[in-house]
Amino acid sequence: MYFCIVKQFENIFRTIFLAIYAICATSQLSQAQTHEQMDSIEIGLITCSPHEEVYSLYGHTAIRCHNLATGEDSIYNYGIFDFKKPYFIWRFVFGLTDYELGRSPAGPFFHYYHEWGSQVTEDVLNINAKEKENLLNALRNNYLPQNRIYRYNYFYDNCATRPRDIIESNIEGSVVYEQRTGESPSFRDMIRKKTAGHPWATFGNDILLGVKADLTTTQREQEFLPDILQNDIVRAAIQRDGITTPLVKERRIIVPSGQQTPIDDFPVTPQQCGVIILAISLCIFVIEHFTRRTFWWFDFAIMAFTGLAGILLFLMIFSQHPTTSINLQILVLNPLALVFIPSVIRKKKTRWFAISAICICLFFIGGIIQDYAEGINLLALCLLLRFLRHINDK
């Protein structure tokens, strides 16, 4: 009986051992097949240079997943939005825009930028099979209908920062960036470089951006721009268990830079508009002085213009964009002007011009900490002229 019991235990242990061995062998075979499949896949960071459309002036970033064995070639793009959605512009201004992750074949994506004359560059990531699998699974999960939509923020959560973050979070190690020294521009400085040659796009940005946009930025904050992220990625490294390897193994020009067709901008720049308004104000001031008359209609026009524009700046205080909450340009484009318009229409003496003069003085002092939109200083001088005209009103 003893030997029979021992024999039964031997059979049981043999069966368990064989089962475990079979499971391990199957797992190893599956892992080997997975590694082999991943070896045929390349994942790269795609950077598209700007073209002449205003929305493209900052460039674009995406992720390319290219299976060399099957030919499947997909672009994961975090910059998908729909202009046709209700109140899109207002939602964008107030930081309530929802973007989403899109997936498309690489061919049409590259063709689009070829048509615009934009260069498309791919930085192929130097990651292992497991990291490729993790990244692909994360992208596929992110592309599910319930996950693909996200709340867009131009400086902190956009089509460049999302690819960077998902790449970093799926690497079995840490990404170390080469530190750049002596480079700490503000958000305003960086986007002005991108909108150079488009004065009204620059003006629109500068009007909406406040004091916080003039603070210096960190290297990571600067990576909201695709070309800066590209330059940092190519110099970055991966540290795994004390071993350091480059994050990028190869750079390729997928679409060479072509000829771009300039898009006509408004023929008069914001600065020129400011000069025209100031010249009109000076002429009216001189005429009023010598004729001893007051052109109340001009007061009404300039107060209505600055007051209505000031409503937008006032509303931006409640925007979810963190760089718009404190904007000293509201001292010039002041919504309070609308409150005093009835008195101006009735040609009655009003305290608005004295209040406006105080605001303008504060505005010029505030120029120490905030860089203003082009032409706003000239508009401020126009308002000071109106104060001088009414200073002796009885």
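Is Ser56 buried or exposed, and at what relative accessibility? At 7% relative accessibility, Ser56 counts as buried; buried means under 20% relative accessible area, exposed over 50%, and partly exposed in between, with a 1.4 Å probe and protein chains only.

This is a predicted model, in which local features need pLDDT of at least 70, side-chain atom pairs count only at pLDDT 80 or more, and totals for chains, interfaces and linings use all residues. Residues are numbered from 1 along each chain as its sequence is written, and side-chain values use heavy atoms, with hydrogens and water left out.

**Confidence**

pLDDT is the predictor's confidence in each residue, from 0 to 100. The protein has a mean pLDDT of 88. In the protein, 88% of residues reach 70 or more. Helices (H or I, at least four residues) and strands (E, at least two) are DSSP runs, numbered from the N terminus. Among these elements, strand β5 (residues 120-125) has the highest mean pLDDT, 97. Helix α1 (residues 2-39) has the lowest, 53.

Two stretches need care. Over residues 1-6, pLDDT stays under 50, and the model has zero contacts there beyond four places in sequence. Contact means heavy atoms within 4.5 Å. Residues 29-34 also have pLDDT below 50, with one contact in the model beyond near neighbours in sequence.

**Two loop residues**

Ser56 lies in the loop between β1 (41-48) and β2 (60-67). Leaving aside neighbours within four places in sequence, Ser56 touches Pro50 and His51.

Gly258 sits in the loop between β10 (248-255) and α10 (270-291). Its relative accessible area is 36%, so Gly258 is partly exposed. Along the chain, Gly258 and Ser118 are 140 residues apart. Their C-alpha atoms are separated by 6.2 Å.

Strands of a sheet pair through backbone hydrogen bonds, either parallel or antiparallel. Here, two strands pair if DSSP finds at least two bridges between them. β2 and β3 run antiparallel, joined by four bridges. Cys65 stands opposite Ser74 in β3. The two strands form a hairpin with five residues between them. In that turn, Gly71 has a positive phi of about 85°.

β3 also pairs with strand β4 (residues 98-105), again in the antiparallel sense. Five bridges link β3 and β4. Asn77 has Gly102 in β4 as its bridge partner. Strand β3 (residues 73-80) is largely enclosed by the rest of the structure, because seven of its eight residues are buried.

**The sheet β7-β8-β9**

Three strands form an open sheet in the order β7-β8-β9, with antiparallel pairing. The edge strands, β7 (174-176) and β9 (243-246), each pair on one side only. Neighbouring strands are turned by 30° against each other on average, direction ignored. Such angles run from 0 to 180 degrees between N-to-C directions, with axes as lines fitted to C-alpha atoms, for helices over the stretch in contact.

Three bridges join β7 to β8 (residues 237-240). Four bridges join β8 to β9. The table gives residue partners in this sheet.

| Residue | Partner |
|---|---|
| Ser174 | Gln239 in β8 |
| Val175 | Ile238 in β8 |

The hairpin of β8 and β9 has two residues between the strands. Asp241 in this hairpin takes a positive phi near 50°.
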